[in-house]
Amino acid sequence: MFNKNNDRRKINDDRRNPDIERRSSDIIIPENKLISEIEILREEFIKTTEKLIRDVKRQDKIMVRSDKRQQKEYDQLQLQLKQVEFLNKEIEETQREIIFTMGAIGESRSKETGNHVRRVAEYSKLLALFYGLDPSTAELLKQASPMHDIGKIAIPDSILNKPGRLTAEERVIMDTHAGLGYEMLRHSTRPLLKIAATVANEHHEKWDGSGYPNGLSGENIHIYGRITAIADVFDALGCDRVYKKAWDDEKIFKLFREERAKHFDPNLIDIFFENLDDFLEIREKLKDIVN
Ligand SMILES: [Fe+2]
Ligand SMILES: [Fe+2]
């Protein structure tokens with residue numbers, strides 16, 4: 001319970017102290033002042049809230065605009081990416097066609113058909129796959145192998161298309177086509193042309209070391225050279241050339257067996273015979289059309 005006397009005394013004491021007096025007057029706020037204070041606060045609150053809503057809406061608009069701009073930039077990038085991909089494909093295709101055409105030019109100078117390089121390309125890829133090279137390397141070898149005789153473009157017609165046996169001197173000149181092809185291609189840093197350079201240089205090397213231009217033997221001959229050697233000889237023997245008639249299959253297979261581990265990589269010869277039907281199928285599909 002309150003003690004009235006004590007309370008009164010306290011108020012009297014407080015009035016004597018000016019500080020306490022001021023504080024008491026602050027604490028005692030009249031009701032109307034309080035209402036107006038609340039009213040002011042409420043207005044402040046409404047104003048602040050309205051401003052906040054306006055800001056959020058403005059921010060939303062900015063974000064929508066920014067989203068639209070970002071979407072536009074993204075679409076443009078996608079379009080540019082598609083164009084780059086298209087151009088890249090174009091370059092690859094062009095490169096493939098140029099290499100094939102150059103190979104065909106080399107062969108056509110020696111009166112061989114375009115289908116010879118096509119078949120050599122397919123045989124090479126098949127041998128590479130059966131040998132165990134990965135599919136992308138086998139595909140590169142397929143694209144590069146038509147260039148194996150590109151060096152022949154530098155050999156005089158009188159030698160290249162001589163009907164009959166070459167003299168010893170002519171043979172020396174003819175055999176330079178491997179090194180010449182390599183010289184034409186070796187400066188490129190492109191993987192496809194680097195393979196083509198190896199193929200040009202090593203497709204006349206022989207397993208027993210009796211080939212040219214460098215007399216390499218065994219696995220010192222690059223696998224690309226060993227593969228293309230088989231593909232090229234298999235096809236060349238089966239075609240008419242200015243210096244010989246086409247051989248029949250039995251004669252070709254007999255030579256292949258005899259040249260196993262002499263001219264050719266024995267492992268590749270085994271692979272060739274194990275999968276003979278696949279090679280004959282390619283030959284049939286790409287056979288020369290005789291007019
Ligand atoms: Fe050759
Ligand atoms: Fe050839």
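Helix 7 and helix 8 pack with their axes 7 Å apart, at an angle of about 165°. That angle makes helix 7 roughly antiparallel to helix 8, where angles over 145 degrees count as roughly antiparallel, under 35 as roughly parallel, 65 to 115 as roughly perpendicular and the rest as oblique. The axes are lines fitted to C-alpha atoms, for helices over the stretch in contact, and the angles run from 0 to 180 degrees between N-to-C directions.

Before I continue, a word on the source. This is a predicted model, in which local features need pLDDT of at least 70 and side-chain atom pairs count only at pLDDT 80 or more, while totals for chains, interfaces and linings use all residues. Residues are numbered from 1 along each chain as its sequence is written, and chains are lettered from A and ligands numbered from 1 in the order in which they are written.

Let me give the overall composition. The protein chain holds 12 helices and 0 strands, these being DSSP runs (H or I, at least four residues, for helices; E, at least two, for strands) numbered from the N terminus. Of its 291 residues, 26% are buried. A residue counts as buried if 20 or more other C-beta atoms lie within 10 Å of its own, as exposed if 12 or fewer do, and as partly exposed in between, with C-beta atoms placed from the backbone. Among contacts between residues at least 6 apart in sequence, 65% join residues at least 24 apart; two residues are in contact if their C-beta atoms, placed from the backbone, lie within 7 Å.

I return to helix 7 and helix 8. Their crossing is left-handed, a term used if the near helix is turned anticlockwise from the far one by less than a right angle, with right-handed used if clockwise. Which residues meet here? From helix 7 come Ala178, Gly179, Gly181, Tyr182 and Leu185, and from helix 8 come Leu193, Ala196, Ala197, Ala200 and Asn201. By class, this contact has 7 nonpolar, 3 polar and no charged residues. In that count, Ala, Val, Leu, Ile, Met, Phe, Trp, Tyr, Cys and Pro are nonpolar, Asp, Glu, Lys and Arg are charged, and the others, Gly among them, are polar.

Helix 8 also packs against helix 5. Their axes come within 9 Å and cross at roughly 65°, in a right-handed crossing. Leu140, Leu141, Gln143 and Ala144 in helix 5 meet Pro191, Leu192, Ile195, Ala196 and Val199 in helix 8. This contact divides into 8 nonpolar, 1 polar and no charged residues.

Helix 8 passes helix 9 in a right-handed crossing. Ile195, Thr198, Val199 and Glu202 in helix 8 meet Tyr224, Gly225 and Thr228 in helix 9. The residues of this contact comprise 3 nonpolar, 3 polar and 1 charged.

The loop between helix 8 and helix 9 contains Pro213. A cis peptide bond joins Tyr212 to Pro213, with omega about 10°.

I turn now to the core. A nonpolar core is a set of buried Ala, Val, Leu, Ile, Met, Phe, Trp, Tyr and Cys residues joined through C-beta atoms within 7 Å. The largest one has 38 residues, of which Leu127, Ala196, Ala200, Ile227 and Ile230 touch the most other members. The elements giving two or more residues to this core include helix 3 (31-109), helix 4 (114-131), helix 8 (191-202) and helix 9 (223-237). What does Leu127 contact, leaving aside its neighbours within four places in sequence? Its partners are Ile227, Ile230, Ala231, Leu268, Ile271 and Phe272.

Finally, some individual positions. Phe100 is in helix 3 and counts as partly exposed, with 17 C-beta neighbours inside 10 Å. Its C-alpha atom is separated by 7.1 Å from that of Met147, which is 47 residues away along the chain. Val233 lies in helix 9 and is partly exposed, with 19 other C-beta atoms within 10 Å. Val233 and Phe256 are 23 residues apart in sequence and, C-alpha to C-alpha, 9.3 Å apart in space. Ala261 sits in the loop between helix 10 (249-258) and helix 11. Phi of Ala261 is near 70°, a positive value in a residue other than glycine. Ala261 is partly exposed, with 13 C-beta neighbours inside 10 Å.
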